[in-house]
Amino acid sequence: MERMSGPYFIRGSVSLPEAELMWRFSRSSGPGGQHVNTSDSQVELRFDLARTEALPEVWKERALQRLAGRLADGVVSVRASEHRSQWRNREAAAVRLTALLAEATAPPPKPRRPTRIPRGINERRLRQKKQRSETKRGRSGRDWG
């Protein structure tokens, strides 16, 4: 069997340690014919987010807060069963977990600073509105006899 394509990098040089990943395999539903009944191709990957030392403390707090709805006792779990081979499902689960953690640990976006509209632009808009209004007023048939 080939080696896993780890380590799984979240962002920068921070990666998930292989020792902290808990794998579980079970029979998968879906395509596969007779083979599917005998092989455990579905993969469940669990990662103890609350007790890990691999993530910087700030990231960990952020992730725990953002993933609060998905956690069970501080453990985040990801499932993959779309491929027929366990190997590809393992890869899919690992990629999914790293993507989830990368998103959950990302720094919050910078607050938006409202911009002022330049006076010239506002004046030009009002001038055009006035011009349009004059054009339309000129169309009303008062003097058309």
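Which residues have the most contacts inside the largest nonpolar core? I opened the notebook with that, keeping in mind that the model is predicted.

**Entry 1: the core.** I looked up the largest nonpolar core and found 24 residues in it. Leu16, Phe47, Leu49, Leu67, Leu97 and Leu101 have the most contacts inside this core. I then checked where the core residues come from. At least two residues each are supplied by β1, β2, β4, α1, β5 and α2. The largest share is that of α2, with seven residues.

**Entry 2: the overall layout.** I stepped back to the whole protein. I noted three helices and five strands. Along the sequence their pattern reads β-β-β-β-α-β-α-α. The protein has 145 residues, and 30% of them are buried. I also looked at contacts between residues at least 6 apart in sequence, and 63% of these join residues at least 24 apart.

**Entry 3: helix α2.** Helix α2 runs over residues 86–105, which is 20 residues. From its first C-alpha to its last I noted 28 Å, close to the 28 Å expected at 1.5 Å a residue. I listed the buried residues of α2, among them Asn89, Ala93, Leu97, Leu101 and Ala104. Arg90 and Glu91 are also buried. What covers the buried residues of this helix includes the strands β1, β2, β3, β4 and β5, and also helix α1.

**Entry 4: leucine 97.** What does leucine 97 contact, once its neighbours within four places in sequence are left aside? I found Leu16, Leu21, Leu45, Phe47, Val76 and Val78. Leu16 and Phe47 are also among the residues with the most contacts inside the core.

**Entry 5: asparagine 89.** I stayed in helix α2, where asparagine 89 is found. Is asparagine 89 buried or exposed? Its relative accessible area is 0%, so asparagine 89 counts as buried, the cut-off being under 20%. Not counting residues up to four places away in sequence, asparagine 89 touches Ser41, Gln42, Val43, Ala80, Ser81, Glu82 and His83. I also looked up glutamate 44, which lies 45 residues from asparagine 89 along the chain. The C-alpha atoms of these two are separated by 9.0 Å.

**Entry 6: α1 against α2.** At what angle do α1 and α2 pack? I noted about 105°, with the axes 8 Å apart. The two helices are therefore roughly perpendicular to each other. From α1, Trp59, Arg62, Ala63 and Arg66 meet Glu103, Ala104 and Thr105 of α2. I sorted the residues of this contact into three nonpolar, one polar and three charged.

**Entry 7: arginine 62.** Beyond the residues up to four places away in sequence, arginine 62 touches Ala104, Thr105, Ala106, Pro107 and Pro108. Arginine 62 and leucine 101 are 39 residues apart along the chain, and their C-alpha atoms are separated by 10.0 Å.

**Entry 8: threonine 52.** Last, I looked at a loop residue. Where is the place of threonine 52? I found threonine 52 in the loop between β4 and α1. Threonine 52 is buried, with a relative accessible area of 1%. Its contacts, leaving aside neighbours within four places in sequence, are Glu20, Phe47 and Lys60.

How values were computed. Residues numbered from 1 in each chain as written. Predicted model: local features only at pLDDT ≥ 70, side-chain atom pairs only at ≥ 80, totals over all residues. Heavy atoms only, no water. Helix = DSSP H or I, 4+ residues; strand = E, 2+ residues; numbered from the N terminus. Expected span 1.5 Å × (residues − 1). Buried < 20%, exposed > 50% of the residue type's maximum accessible area, 1.4 Å probe, protein only. Contact = heavy atoms within 4.5 Å. Core = buried A, V, L, I, M, F, W, Y, C linked by side-chain atoms within 4.5 Å. Axes fitted to C-alpha atoms, helices over the stretch in contact; angles between N-to-C directions. Parallel < 35°, antiparallel > 145°, perpendicular 65-115°, else oblique. Nonpolar A, V, L, I, M, F, W, Y, C, P; charged D, E, K, R; others polar.
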